[in-house]
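Trainee: Could you show me how to read strands and loops in a structure, one feature at a time?

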Amino acid sequence: MSETLQTTDVTASDADLLDQTTIAVRAAGSALRERFGEVVRYQTREELMRALAANDDTALDILRPRLTSLRPDAGWVEDELDGGALPSGEWWVVDPAEGNVNHLHALPEWAVTATLVRDNQPVLTVVHLPLTGETYTALTGAGAHLDGRPLRVSRTEDLGLGIVATSQARPDEDEKVVRRVGSSISAMLFDALVVRTSVPATLHLTNVAAGRIDAFWQFAGARADLLPGALLVTEAGGQISDAEGRPWTPQSESFLAAAPGVHAEAVATLSR
């Protein structure tokens, strides 16, 4: 993967597969929406993990059989903290409740995502926001869309006029990474117009693809966090790299998605 993810010819079967994947993801989102509303109280880490797992299981009970029936030979990845390269072949990379903690706290920023990866290249992705009903889709070589409408990244060419975003380090992250996140936010506060910091990463990346914000960066990160948005941004005309401007892969230690007009400037800011 690089600034523009590798593209291949779009086949009718992949287009149909995207449609069927969208139906499955929307169904899982409807099930999670029924569980949304009241703040879920927890007093211990164990109680938190059980509450998170209950949401995951609700969505997976729908996603796993439906996606497996679509691609019976594809592998399955559902741990949102997994990273690195996958073995060859096809894999479903699924985040059944992206922004799960937000869901538990009755905050609206959460989604259901499913991405088909073929030989370590994302082929198609669906990101569904059940509370708004919005569905973001991308198919390699066929563009990115929001409810069928084409998406395009922003035309901003000055980072000082741009809105940028990042997400915090994960719980129990290495101290070096946490400090790097903090220093990068400080650097962007000097160079960008507005800096947004929140989770989950995928929703920031949908905003980059839609041209609402101009750049998103993250240190470390997992496949399920970044692959859906990486494909959406690339198919919407954005640039993908690591924070130093090198080609990004799931093994990279950092990630940057930006409109082409501010990508180089964002790299310079993050490299200070």
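Mentor: Please keep in mind that this model is predicted. In strand E5, Tyr136 is the bridge partner of Val127, and E5, which covers residues 134–139, runs antiparallel to E4 and is joined to E4 by six bridges.

Trainee: Which strand pairs with E4 over seven bridges, and in which sense?

Mentor: That is strand E3, residues 111–118, and the sense of its pairing with E4 is antiparallel. Within this pair, Val126 of E4 stands opposite Ala114.

Trainee: How many residues lie between the strands in each hairpin, and which residue takes a positive phi there?

Mentor: The hairpin of E3 and E4 has two residues between the strands, and Asp119 takes a positive phi near 50° there. In the hairpin of E4 and E5, four residues lie between the strands, and the positive phi, near 85°, belongs to Gly133.

Trainee: How should I think about the side chains along a strand, and is E4 largely enclosed or open?

Mentor: As a general idea, side chains in a regular strand alternate between the two faces of the sheet. In the case of E4, residues 121–129, nine of the nine residues are buried, so this strand is largely enclosed by the rest of the structure.

Trainee: Where is Arg41 found, and does Arg41 count as buried or exposed?

Mentor: Arg41 is in the loop between helix H1 (12–34) and helix H2 (45–70). The cut-off for exposed is over 50% relative accessible area, and because Arg41 has 70% relative accessibility, Arg41 counts as exposed. Although Arg41 and Leu104 are 63 residues apart along the chain, their C-alpha atoms are separated by 8.1 Å.

Methods
Residues are numbered from 1 along each chain as its sequence is written. This is a predicted model: local features need pLDDT of at least 70, side-chain atom pairs count only at pLDDT 80 or more; totals for chains, interfaces and linings use all residues. Side-chain values use heavy atoms; hydrogens and water are left out. Buried means under 20% relative accessible area, exposed over 50%, partly exposed in between (1.4 Å probe, protein chains only). Two strands pair if DSSP finds at least two bridges between them.
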